[in-house]
Amino acid sequence: MPPVPASMQPDPLIVDGMTEPQWSAQFTDELDQDLARRQWRIIVGELRQSDKLANANERQVKRLVDAYVLYEIAMRHVADEGAVFPRKGKKQPAYNPWFTIMKDANAMASAAEAELTITPRRRNNGGKVQKQKQPSFGGGFLKAVPK
């Protein structure tokens, strides 16, 4: 499938200085791109609502979304092919490699969720992000004059 021209790609969302990654550069399937876009917005919204959104979390949020999408890709393969399949000339069946990838993606997602403290169980563990106060003019005694 040819890449989507830049003029037709949706504008990246920017939330509190965090720019949404360009998912089309990473995932070729449009369903995966849409899933990544939706998950990124959900996660960033959760972090923002709980005052835990910080630019330092940008890479961890991306890794979490990657794990979610990888899990879904692997899950589709496992649903189509099965978790195990018979090996030629062997009595023991073999695990589908996608089943292993699915389990690993689940572990990666769980670890990233714990780091970001976005699950209900861990939500109270992380500290809130301190927002920088806007500098006041004249030590707070003067008001800014509109232009």
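The following dialogue explains how to read several features of this predicted model.

Reader: How many helices and strands does the chain have, and in what pattern do they follow one another?

Author: Helices (H or I, at least four residues) and strands (E, at least two) are DSSP runs, numbered from the N terminus. In this chain there are three helices and four strands.

Reader: How is burial to be read, and what percentage of the residues count as buried?

Author: A residue is buried under 20% relative accessible area, exposed over 50%, and partly exposed in between, using a 1.4 Å probe and protein chains only. Of the 147 residues here, 30% count as buried.

Reader: What share of the contacts in the chain is made by residues 24 or more positions apart?

Author: Contact means heavy atoms within 4.5 Å. Taking the contacts with a separation of 6 or more, residues 24 or more positions apart account for 60% of them.

Reader: Where is Q39, and which residues does Q39 touch?

Author: Q39 belongs to helix α1 and is buried, with a relative accessible area of 18%. Leaving aside residues up to four places away in sequence, Q39 touches V65 and Y68.

Reader: How many salt bridges does a search of the whole structure find?

Author: A salt bridge is a side-chain nitrogen of Lys or Arg within 4 Å of a carboxyl oxygen of Asp or Glu. The search of the whole structure finds five of them. One of these pairs is R41 with E20, whose closest N and O atoms are 3.0 Å apart. Because R41 lies in helix α1 (residues 30-49) and E20 in the loop between β2 (18-19) and α1, the pair ties together parts that are 21 residues apart in sequence.

Reader: Are R41 and E20 buried or partly exposed?

Author: R41 is partly exposed, at a relative accessible area of 37%, whereas E20 is buried, at 4%.

Reader: Where do R38 and D34 lie in relation to each other?

Author: Both R38 and D34 lie in helix α1, four residues apart, which is about one turn of the helix. Their side chains form a salt bridge with an N to O distance of 3.2 Å. R38 is partly exposed, with a relative accessible area of 44%, and D34 is also partly exposed, at 34%. A network of salt bridges links D34, R37 and R38.

Reader: What can be said of K62 and D66?

Author: The side chains of K62 and D66 meet in a salt bridge, at 3.2 Å from N to O. The two residues are four apart in helix α2 (residues 58-81), about one turn of the helix. Both K62 and D66 are buried.

Reader: How is the packing of α2 and α3 described, and at what angle do they pack?

Author: Axes are lines fitted to C-alpha atoms, for helices over the stretch in contact, and angles run from 0 to 180 degrees between N-to-C directions. Helix α2 packs with helix α3 (residues 97-116) at an angle of about 155 degrees, and their axes are 8 Å apart. Angles under 35 degrees count as roughly parallel, over 145 as roughly antiparallel, 65 to 115 as roughly perpendicular and the rest as oblique. The helices α2 and α3 are therefore roughly antiparallel to each other.

Reader: How far apart are the C-alpha atoms of S110 and A67?

Author: The C-alpha atoms of S110 and A67 are separated by 9.1 Å, while the two residues are 43 residues apart along the chain. S110 is placed in helix α3 and is partly exposed, with a relative accessible area of 37%.

Reader: Which phi values do D51 and T117 have?

Author: D51 is not a glycine, yet has a positive phi of about 60 degrees. D51 sits in the loop between α1 and α2 and is partly exposed, at 37% relative accessibility. T117, also not a glycine, has a positive phi of about 50 degrees. T117 lies in the segment after α3 and is buried, at 9% relative accessibility.

Notes
Residues are numbered from 1 along each chain as its sequence is written. This is a predicted model: local features need pLDDT of at least 70, side-chain atom pairs count only at pLDDT 80 or more; totals for chains, interfaces and linings use all residues. Side-chain values use heavy atoms; hydrogens and water are left out.
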